[in-house]
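The sequence and the model are shown first.

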Amino acid sequence: MNRTDRLYALVEELRAVAPRPRSARWLAGRFEVSTRTIERDLSALQQSGVPIYAEPGRTGGYCLDRAHTLPPVNLTPAEAIAMAVALHQLGGTPFAEAGRTGLHKLLNVMPPSDVDAARDFADRVHLVRPPMPAVPEPIASALTASRALRLTYVDGKGEATERVVEPMGYIGGRRWYLLAWCRLREAARAFRFDRITEAVQLDEPVTPRPFARDQLDIPQEMLSGPPLP
């Protein structure tokens, strides 16, 4: 998880449990970083105007102002399981980590009795699917980070090349691809995730290039975006 995503997740974690505090040590374990890193992140959030304050004492920690918390989410246990099943399908995609943290936020703001019922329901639902390889973090955050990537890519003939690309989008289905402007080819290319042997996010910021669907060698009727209400 990059720092920008972690700062956002920190706010959501504190929002979910407010007005109860979270200690820096607990947050460090939750986000798998050092306590010093968490304290630095919280200080940055405070300086940016996020209403986080420290509560002293043995059971103290960091709290978010109650006025900025979310009310309970009125989802039924079945609706919560439906979301969990849908988010579970994100394994092997650029959105796997976001799906995991999103479900965590959802459960944190649901009434405890509904969470217990949802967990009981979850014990009765079993999914069978082949394991999917994890997507390297530089690829998963390629679009949101707006940074160029240096890739080592193996083509269908088994030949490896090193390329610097500008992320443009993702294409998903049975396999997932990074759509990017390839500076080596000076054209848009789709890079299959499982053929990217190395991905390094560069410090160079890029402006995302727009792309038209007719740039893709895919029948237009097969293309669709994620439905958002």
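This is a predicted model: local features need pLDDT of at least 70, side-chain atom pairs count only at pLDDT 80 or more; totals for chains, interfaces and linings use all residues.

Five strands form an open sheet with antiparallel pairing, in the order β6-β5-β4-β3-β7. Its edges are strand β6, covering residues 187-192, and strand β7, covering residues 196-205; each of these pairs on one side only. From one strand to the next, the twist averages 45°.

Strand β5 comprises residues 176-182 and runs antiparallel to β6, to which six bridges join it. Within this pairing, Tyr 177 has Arg 192 of β6 as its bridge partner. In general, the strands of a sheet pair through backbone hydrogen bonds, in either a parallel or an antiparallel manner.

## A nonpolar surface patch

On the surface, a nonpolar patch is formed by Phe 121, Val 125 and Leu 127. Together, these three residues have about 210 Å² of accessible area.

Phe 121 belongs to helix α6, which spans residues 112-122. The relative accessible area of Phe 121 is 32%, and this residue is therefore classed as partly exposed, a category that lies between the limits of 20% and 50%.

## A buried aspartate

Helix α3, formed by residues 35-47, contains Asp 41. Is this residue buried or exposed? Asp 41 counts as buried because its relative accessibility is 0%, and the cut-off for burial is under 20%.

When neighbours within four places in sequence are left aside, Asp 41 is in contact with Arg 3, Arg 6, Leu 7 and Leu 10.

How values were computed:
Residues are numbered from 1 along each chain as its sequence is written. Side-chain values use heavy atoms; hydrogens and water are left out. Two strands pair if DSSP finds at least two bridges between them. Helices (H or I, at least four residues) and strands (E, at least two) are DSSP runs, numbered from the N terminus. Axes are lines fitted to C-alpha atoms, for helices over the stretch in contact, and angles run from 0 to 180 degrees between N-to-C directions. Patches are made of residues with over 30% relative accessible area and no salt bridge: like charges are joined within 9 Å, nonpolar side chains (Val, Leu, Ile, Met, Phe, Trp, Tyr) within 5 Å. Accessible areas come from the Shrake-Rupley method with a 1.4 Å probe; for residues, only the protein chains shown count as cover. A salt bridge is a side-chain nitrogen of Lys or Arg within 4 Å of a carboxyl oxygen of Asp or Glu. Buried means under 20% relative accessible area, exposed over 50%, partly exposed in between (1.4 Å probe, protein chains only). Contact means heavy atoms within 4.5 Å.
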